Amino acid sequence: MQTLTILGSTGSIGVSTLDVMARHPDKFSVFALAGHSQVDKLAEQCHQFQSRYAVVADEQRAQALRPLLGSLKTEILFGEQALIDVATASEVTGVMCAIVGAAGLPSALAAAQSGKTIYLANKETLVVSGSLFMETARQHGAKVLPIDSEHNAIFQVLPQNYSGSLKKHGINAIILTASGGSFLHTDLADLPHITPAQAVKHPNWSMGQKISVDSSTMMNKGLELIEAHWLFNCPPEQLEVVIHPQSIIHSMVRYADGSVLAQMGLPDMRTPIAYCLGLPERIDSGVGALDFSKIAALTFQEPDFARYPCLKLAYDAMYAGGSAPCVLNAANEVAVAAFLRGQIRFTDIARVVEHSLAKHVSGSLNSIDDLLALDKQIRAEAEQFSGSLKSLQNTKL
Ligand code: NAD
Ligand code: MG
């Protein structure tokens, strides 16, 4: 029986995780659910899974949650330290890290320090602190299992004894597939007028707002390149991206003998979640069978940096290394939030990120405190720059 903490339980990944767990009550129990602000949804989950702890953002939400729990014995905690406490408690065997953004970093790192099995959905952790996080996990014997569908696909088709050296295993490249998002065929001249409502609608996947916008700019693939770099110790020059609009092939590994191994399935995050939760067994995920007679075609194309400048910026940050990916991520989080608030245009997201990267001289930062301080500084600068773009727009109007 595994006892799990689900960080970000009310989000898209959190809900899919609980859906898989509910299919196997003999295998999994819930220790803690962390839901930040959606107290109604969190209360429902606490009732269904009899969670020992529930974590919310602050005291006000804790008070709002209390009456919704009725006679349940669930203990309510709040704040950032509480996330760390429920991720590191001795009873916990595994932690699903499914908070969105760099806000998920301290709890994921704490889980690594405690040697937990980490189900890692929060890619921002690896983008911001890849070296530190992987080294911490190694030192403390924490297993890091990739939930992100591409990385999960790669994990499934790498040799079972993969030791972190592509060369040693006769691997020439890791190929990440990308859907291309909602605006693959949109006229470039129309991109500045994309609305938040259009950008959060992904053609194939149902996901949280931030990652949906990231998919439409392809920043998501950029973050995933950096994620793959750290997870598989893959040199940047051996990472490829190909657009595959149907999202059936979730990624591939190219071997030296000419073989390419791919993992396929319907675009549903319950597959990678069930794969990781079930290891070493394959368990039911609730995902339907892939019906090849209904797939008209699997197609592929090169990404175009004119359409996806965020992908180019992410490549640049990956090659620059050091703290550049932390800058990339912080600026992107600010820009996406500003876009979702209607403050800046869709095409301004790349401008904000570019501005932050250009201003910042990449050095290497090795402590969590230094990384979080840089993250904070870049956010403040990017907020200011986003504000200046807004006033520019107003002047033009
Ligand atoms: P989401 O927006 O649906 O959910 C985010 C969760 O994090 C919610 O439970 C929310 O309450 C919580 N949260 C938000 N801000 C928080 C904060 N400051 N502190 C603590 N908790 C906070 O997001 P999602 O789509 O489920 O994505 C979660 C993570 O998984 C992201 O890093 C994303 O990149 C990654 N991921 C998601 C998918 C997907 O299909 N949704 C696929 C691959 C990877
Ligand atoms: Mg992905």
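I sorted the shell around ligand 1 by residue type and got nine nonpolar, nine polar and three charged residues. For this count Ala, Val, Leu, Ile, Met, Phe, Trp, Tyr, Cys and Pro are nonpolar, Asp, Glu, Lys and Arg are charged, and the others, Gly among them, are polar.

The model is predicted, so I note that local features need pLDDT of at least 70 and side-chain atom pairs pLDDT 80 or more, while totals for chains, interfaces and linings use all residues. Residues are numbered from 1 along each chain as its sequence is written, chains are lettered from A and ligands numbered from 1 in the order in which they are written, and side-chain values use heavy atoms, without hydrogens and water.

**Ligand 1.** I listed 21 residues around ligand 1, with Thr10, Ser12, Gly35, Glu124 and Gly208 the closest; a residue is near if one of its heavy atoms lies within 4 Å. I then looked up polar contacts, meaning pairs of N or O atoms within 3.5 Å. A polar side-chain atom of Glu124 is 2.7 Å from an oxygen atom of the ligand. For Gly35, a polar backbone atom is 2.9 Å from a ligand oxygen. For Ala121, a backbone N or O atom is 3.4 Å from one. Of the 820 Å² of accessible area that ligand 1 has on its own, the protein covers 86% (Shrake-Rupley method, 1.4 Å probe). Two or more shell residues come from each of helix 1 (12-22), strand 2 (28-36) and helix 6 (123-140). These elements are DSSP runs, with helices H or I of at least four residues and strands E of at least two, numbered from the N terminus.

**Domains.** An automatic or database assignment divides the protein into domain 1 (2-146) and domain 2 (155-396). Each domain gives at least three residues to the shell around ligand 1. I find 23 Å between the domain centres, taken over C-alpha atoms.

**Backbone.** I checked the peptide bond from Leu279 to Pro280, which is cis with omega near 5°. Pro280 sits in the loop between helix 11 (270-278) and helix 12 (309-320). Asn233, not a glycine, has a positive phi of about 50°.

Technical notes: A polar contact is a pair of N or O atoms within 3.5 Å; within protein, one must be able to donate a hydrogen and the other to accept it, and residues adjacent in sequence count only if both atoms are side-chain atoms.
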